[in-house]
Amino acid sequence: MDISAILDDIREHWHVYATMPFIAALIGYLTKRVAIEMMFRPLEFVGIKPFLGWQGVIPANSRRMATTAVDLLTKNLVDPQEIFSRLDPDEVVKELEEPLLKAVEDVTREVMEQYQPKLWELLPTRAQRMLVDQVRAQAPKVVARLMREVSTNIDEVLDVNEMLINAMVRDKSLTCRLIKEVATPELRFIARSGIWFGFVIGLVQFVAWALTKQPLIMPIFGFVTGFVTDWLALKMIFYPREPRRFLFFGWQGMFQKRRQAVARDYGALIADEVLTVRNVMEAVLTGPKSDKLFSMISREVRRTIDAQASIAKPLVALTIGGKQYQEMKVAAAEKAIAYLPETVKHVESYATDALDVRNTIVVKMQQLTPLEFEGILRPAFQQDEGKLIAVGAVIGGLVGELQVLLLLH
């Protein structure tokens, strides 16, 4: 080995050697950025199935990602029964009072005009008002009774898991945000770590090229830079789970170290965009278990009509046949259900405060074990972690080959 010849070569081509660690740092950074973008983009498959193309790792696995996130949510963070028991039926009725009484009056008038138009027209205004007021007086009691039944049997009218999964699968960008916004510092760390890891590997590359002048050195080191830096960055996010010390140094997986900030961000996202009162109402009214709720409402409406008919028999019960009377009760229940979506909007603000999803999640997340806590973010990387690392390695190898071309020509 002729050391003087090597030093002469370095002096002659110093600008080439000087760029090696910087190009390696650039490779490290670019491979990380590409890997991160490939996790989230594109939302839909681009290419020719099944031969060539790509869809972001998270959008492509949105149902699996959503199922994993929801399992964690409902098993460890949110108990639907406990959450919905926080709604005070009397307070709900108070919030709904104005739209509820308006809806009850409209339903009563519509049903009477449909089934007893002549009788309704013949009734004095005072008698009409008396009948409407009787029904209105019962409405708050009926709603409060319904609320108590629903809150104690929430599983009968709402499939929380299915609601949350559907919300996240329907909006793939929401699933991406759930990972991206919670893990912003980790993703930034992955990209920036490529610079430092790549620079160090570039210094080794500097020495290897000076000693061997082998064209394969550059693509091999580029490949290694892309592979190792991706692998190291992902490991450093999650490991070690518990704080470790060596002499004067302490370290812990970045995600574990940020537990409090992650809890706040995750709780805010779930409360504001996933487990929202609006999503809950939509699932209750249109979900697979909505028939149970409508059966409850129909039962209460019919019970109320029966109670009022006994009071207003001279006006109503004796003037229509049994079959028509039953039809009238069914029609009243259907109209009441039709008014429901618009009516319940008025309770959204109160319900959001009462359920207090955000603070509940924050508190519960602080109680998770390190392994359970890791489960919030780890699945997003784990499924296609090898694929992302491989892509980084290939890109690094290609850039290394480009370096060879520049060096030799």
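Reader: Why is Asp356 called partly exposed?

Author: Its relative accessibility is 30%. Buried means under 20% relative accessible area, exposed means over 50%, and partly exposed is in between, with a 1.4 Å probe and protein chains only. The value for Asp356 falls in between, so Asp356 counts as partly exposed. Asp356 lies in the loop between α19 (348-355) and α20 (357-366), and has a positive phi of about 50 degrees although it is not a glycine.

Reader: What kind of model is this, and how are residues and atoms counted?

Author: This is a predicted model, in which local features need pLDDT of at least 70 and side-chain atom pairs count only at pLDDT 80 or more, while totals for chains, interfaces and linings use all residues. Residues are numbered from 1 along each chain as its sequence is written, and side-chain values use heavy atoms, with hydrogens and water left out.

Reader: How many helices and strands does the protein chain have, and what makes a run count as one?

Author: The protein chain has 23 helices and four strands. Both are DSSP runs numbered from the N terminus: helices are H or I with at least four residues, strands are E with at least two. Buried residues make up 47% of the 409 residues in the chain.

Reader: Why is Glu186 called buried?

Author: The relative accessible area of Glu186 is 0%. That is under 20%, so Glu186 is buried. Glu186 is found in helix α12 (residues 184-212).

Reader: What makes the pair Glu186 and Arg258 a polar contact?

Author: Their side chains make the contact at 2.7 Å. A polar contact is a pair of N or O atoms within 3.5 Å; within protein, one must be able to donate a hydrogen and the other to accept it, and residues adjacent in sequence count only if both atoms are side-chain atoms. Glu186 also touches Ile237, Met254 and Phe255, among the residues in contact (heavy atoms within 4.5 Å) when those up to four places away in sequence are not counted.

Reader: Which residues form the nonpolar patch on the surface?

Author: Leu216, Ile220, Phe223, Val224, Phe227, Trp231, Val394 and Leu398 form the patch, with about 770 Å² of accessible area together. Accessible areas come from the Shrake-Rupley method with a 1.4 Å probe, and for residues only the protein chains shown count as cover. Patch residues have over 30% relative accessible area and no salt bridge; nonpolar side chains (Val, Leu, Ile, Met, Phe, Trp, Tyr) are joined within 5 Å, like charges within 9 Å. A salt bridge is a side-chain nitrogen of Lys or Arg within 4 Å of a carboxyl oxygen of Asp or Glu. The largest share of the patch, five residues, comes from α13.

Reader: How do you know that Leu398 is exposed?

Author: Leu398 has a relative accessible area of 60%. That is over 50%, so Leu398 is exposed. The residue is in helix α23.

Reader: Why are the buried residues of α1 said to line one face of the helix?

Author: The buried residues of α1 (residues 3-12) are Ile6, Asp9 and Ile10. Seen down the axis, they fall within an arc of 100 degrees, so they line one face. The arc is that of the directions from the helix axis to the C-beta atoms. These buried residues pack against α2 and α12, while Arg11 and Glu12 are exposed on the other side of α1.
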